[in-house]
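Student: Could you take me closely through one part of this model, namely the salt bridges and the residues that take part in them?

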Amino acid sequence: QVQLVESGGGLVQAGGSLRLSCVASGTIFRINAMGWYRQAPGKQRELVAIITSGGSTNYGDSVKGRFTISRDNAKNTAYLEMNSLKPEDTAIYYCYANAGPRSGSVGDYWGQGTQVTVSS
């Protein structure tokens with residue numbers, strides 16, 4: 001199985017920056033996409049950013065131009081650089097990976113989440 005562990009969340013003032021990391025471990029044959037989703041209280045989980053194994057990226061509209069996703073395939077790690085943070089970015093951020101422990105066995109995996117709080 002594949003395990004995802006996030007780190008880097010915390011409390012920051014509006015306009016500040018944070019960097020999230022997500023490490024995939026376990027039995028890994030292949031990791032396709034890795035990315036981040038977030039969920040604020042009372043809201044649905046939404047896409048923040050996602051990156052393929054080839055480096056193609058996609059961002060949620062609300063974070064375009066402020067957040068940058070990157071990936072180190074050798075370390076099975078994804079990063080989310082968050083700049084110009086706003087109070088509305090406050091949420092639990094979940095790491096996501098589409099991966100598989102063996103050829104032909106691919107599924108969606110989620111981390112436990114890390115809290116990001118932006119104060120005004």
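**Salt bridges around R38**

Tutor: The side chains of R38 and E46 come together in a salt bridge with an N to O distance of 2.6 Å, where a salt bridge is a side-chain nitrogen of Lys or Arg within 4 Å of a carboxyl oxygen of Asp or Glu. This is a predicted model, in which local features need pLDDT of at least 70 and side-chain atom pairs count only at pLDDT 80 or more, while totals for chains, interfaces and linings use all residues. Residues are numbered from 1 along each chain as its sequence is written, and side-chain values use heavy atoms, with hydrogens and water left out.

R38 counts as buried because its relative accessibility is 6%, whereas E46, at 34%, counts as partly exposed; buried means under 20% relative accessible area, exposed over 50%, and partly exposed in between, with a 1.4 Å probe and protein chains only. R38 also meets D89 in a salt bridge, at 2.9 Å from N to O. That pair links distant parts of the chain, since R38 lies in strand β4 (residues 30-39) and D89 in the loop between β8 (77-82) and β9, 51 residues apart; strands here are DSSP runs (E, at least two residues), numbered from the N terminus. D89 is buried, with a relative accessible area of 1%. R38, E46 and D89 belong, together with R66, to a network of salt bridges.

The structure holds five salt bridges, and one of them joins the side chains of K64 and D61 at 3.1 Å, N to O. Here K64 is partly exposed, at 49% relative accessible area, and D61 is exposed, at 67%.

Technical notes
Helix = DSSP H or I, 4+ residues; strand = E, 2+ residues; numbered from the N terminus.
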